[in-house]
Amino acid sequence: MKIQSAIASLLSLATTVSADPSWHDLTITAPRYGRYLTTPGDPFFWQADTAWELTHRLNKTSIDFYLKTRAEQGYNVIQTVVIAELNGTTRANFYGDLPYNNSDTTQPNEAYFELIDWTVDLAASYGMLVALVPVWGRWVNGGWHADEESIFNETTAYEWGKYLGDRYPGLPKLLGGDSDCLWPRNTSTAMVSYASDPNVDPATLLGPIEDTTSIWTSMYSGVTDAETQHGYEPVILFHPTAGWISRPENTPEAFAHWMLPKE
């Protein structure tokens, strides 16, 4: 009976250990409305490097070289994008895998995410967290690329956030992807027009301001609900673009402060 009890205890311990992700001991928290980050009991200084296209462009050998080098240089966070800015929905990763099956955001491609799994585990083995941008801003509001439609609505944005929260609980998430919640889809073309005629009022070149706050907050809610169920306190940041919706800074009203107003 004692032997059986001991075996049961070991199996229970093994199950508990295997249930924790590789980055479990590296996770950080952000006290609500606080101005600092912490690891258990200690302040955390976010010393990050950006490799937006890390898993979209590189193979495992190059990823390993990059992560090992950054760890040796003292970095503790690597920032990268799940659905990259440049052809992120149509250009496969190094191994020929697209992020979605049938171009459907509700059908993540397991093969694509296996490389991300491998990358975040490797980073953790080097003592670094990977901060994930769920999707670059252009795929929600056109960003600096004048895309005409979003690939998400409120429902699918929530499911996407939940999928990433379930798969990578405890890793920081960066919403926004170099864009703001309030945004005109023709920003990039307006900038080109202004460059060719700097005497024109740039504000007159901008199209209607589109409010995509509900999509970002839905994605936020999906991440939060999933990670909370896994026992983590989500760390969700917002990556806005320049403080003005279009350069130069003396033209349109600033909207970058309007990120996630419910928070």
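The structure holds 11 aromatic pairs, where rings of Phe, Tyr and Trp (its six-membered ring) pair if their centres lie within 6.5 Å, with planes under 30 degrees apart counted as stacked, over 60 as edge-to-face and the rest as tilted. One of these pairs is edge-to-face: tyrosine 112 and phenylalanine 113, at 5.5 Å centre to centre and with 70° between the planes. Before going further, I note that this is a predicted model, in which local features need pLDDT of at least 70 and side-chain atom pairs count only at pLDDT 80 or more, while totals for chains, interfaces and linings use all residues. Residues are numbered from 1 along each chain as its sequence is written, and side-chain values use heavy atoms, with hydrogens and water left out.

Are tyrosine 112 and phenylalanine 113 buried or exposed? Tyrosine 112 is buried at 1% relative accessibility, and phenylalanine 113 is buried at 0%; buried means under 20% relative accessible area, exposed over 50% and partly exposed in between, with a 1.4 Å probe and protein chains only. Tryptophan 160 and tyrosine 163 form a stacked pair, because their ring centres are 5.9 Å apart and their planes lie at 10°. These two residues are 3 apart in helix α6, so about one helical turn separates them. In general, an α-helix has 3.6 residues a turn, so residues three or four places apart point the same way. Tryptophan 160 is buried, at 1% relative accessibility, whereas tyrosine 163 is partly exposed, at 22%.

Arginine 138 lies over the face of tryptophan 139, 4.4 Å from the ring centre; the criterion is NZ of Lys or CZ of Arg within 6 Å of the ring centre and within 35 degrees of the ring normal.

I turn now to helix α4, residues 110–125. Helices (H or I, at least four residues) and strands (E, at least two) are DSSP runs, numbered from the N terminus. Helix α4 has 16 residues and reaches 22 Å from its first C-alpha to its last, close to the 22 Å expected, the expected span being 1.5 Å times one less than the number of residues. Its buried residues include Tyr112, Phe113, Leu115 and Ile116. Which elements do the buried residues of α4 pack against? They pack against α2 (54–57), α3 (60–72), β5 (129–133) and α6 (154–167). Just after α4, glycine 127 takes a positive phi of about 85°.

Next comes strand β4, residues 77–81. Why is β4 described as largely enclosed by the rest of the structure? The reason is that 5 of its 5 residues are buried. On one side are Val77, Gln79 and Val81, and on the other Ile78 and Thr80.

Strands pair if DSSP finds at least two bridges between them. Strand β3 (residues 48–50) and β4 pair in the parallel sense over 3 bridges, with aspartate 49 opposite isoleucine 78. β4 and β5 are also parallel, over 5 bridges, and there the bridge partner of isoleucine 78 is valine 130. The chain crosses from β4 through α4 to β5 in a right-handed β-α-β crossover: with the strands pointing away from the viewer, the path from the first strand over the helix to the second runs clockwise.

Finally, the chain as a whole: there are 8 helices and 9 strands, and buried residues make up 44% of the 263 residues.

Methods:
Contact = heavy atoms within 4.5 Å.
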